[in-house]
Amino acid sequence: MLRTLAIIPHLVGIYVRTRMEYRGAMFLAWISQGFSYAAMYAAIALIILRFDNLGGWAWPEMALLLAFHLLAYSLGAALSFTQFRDIEEKVRLGTFDAILVKPIGPWTFLAFSGLNVGYGGHVILASGLMAWSLFQVSVDWTLHAVFYFIAAIVSAAMLTAALMTMIGATALVWVRSRHLFSIFFGFWELARYPLNIFPLPLQLMMLTFAPLGFLAFIPTAVTLGKPVPILGDWAAPASLAIGPLFVLLAMAHWRHCLRNYQGAGG
């Protein structure tokens, strides 16, 4: 364990130095992504300002929801999205076999050797929007509330990384898994809006089959003291437990897929 922890900073450092060789391109990507999300958020803001609210959420509250959604996703996806999306290609070409013989766990190697610093623009935009919205909303920031808010971000980031790990790991058995990422991002798009604006069947799906309702809506609603459909008083503990729970599920799924991996030749 200590040996693995000692290797991780070197893996991250090598990848960051590689990306910094083309720092101009990286910073331009940050800026373009920032403008893309800012334009999307501006459109949502204009709609809410025109109609006063969206499902009972005023613009500052909605801004907090959007910021939480983007920040939690970015932190989790930096460790998982491109790394595990590309497992399909590694399996098809046979290059995943080389990862299995490295003196470090394959998940650790994949996650940290490809730590996606490209999400820096997401983090900056989300942090700025969150800072502004927190000053606009009315929240009693007790020590308990502060702890819950930070822990909820960590749990949501863990949920994101766990789901992407599970999707990517499926390619070890199925060879193809990118279509599952399309399904993930379909629900991810919905997760940036209040859950209560959707019909009940979709609400249930966003809390069970595709639990991205926990990514932003539930922790933000709990922080703002808004009612949470279906979960009610269980919303706060559920939002803190969902991340660790799915990490355990992802670990079991990852090990299952590794045991059943037969290589590109079948």
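Val101 lies in the loop between helix H6 (96-100) and helix H7 (106-113), helices here being DSSP runs of H or I with at least four residues, numbered from the N terminus. The model is predicted, and local features need pLDDT of at least 70, side-chain atom pairs count only at pLDDT 80 or more, while totals for chains, interfaces and linings use all residues. Residues are numbered from 1 along each chain as its sequence is written, and side-chain values use heavy atoms, with hydrogens and water left out.

Val101 is exposed, at a relative accessible area of 68%, where exposed means over 50% and buried under 20%, with partly exposed in between (1.4 Å probe, protein chains only). From Val101 to Phe181 the separation is 80 residues in sequence and 27 Å in space, C-alpha to C-alpha.

The axes of H9 and H14 come within 8 Å and cross at roughly 25°, which makes H9 roughly parallel to H14, a term for angles under 35 degrees. The residues in this contact, sorted by class, are as follows.

| Class in the H9–H14 contact | Residues |
|---|---|
| Nonpolar | 20 residues |
| Polar | five residues |
| Charged | no residues |

Nonpolar covers Ala, Val, Leu, Ile, Met, Phe, Trp, Tyr, Cys and Pro, charged covers Asp, Glu, Lys and Arg, and the others, Gly among them, are polar.

In H14, a kink of about 35° lies at Ile242, shortly before the proline Pro244, the bend being the angle between axes fitted to the seven residues ending there and the seven starting there. Ile242 is also one of the buried residues of H14, which include Gly243 and Phe246.

Key. Axes are lines fitted to C-alpha atoms, for helices over the stretch in contact, and angles run from 0 to 180 degrees between N-to-C directions. Helices (H or I, at least four residues) and strands (E, at least two) are DSSP runs, numbered from the N terminus. Angles under 35 degrees count as roughly parallel, over 145 as roughly antiparallel, 65 to 115 as roughly perpendicular and the rest as oblique.
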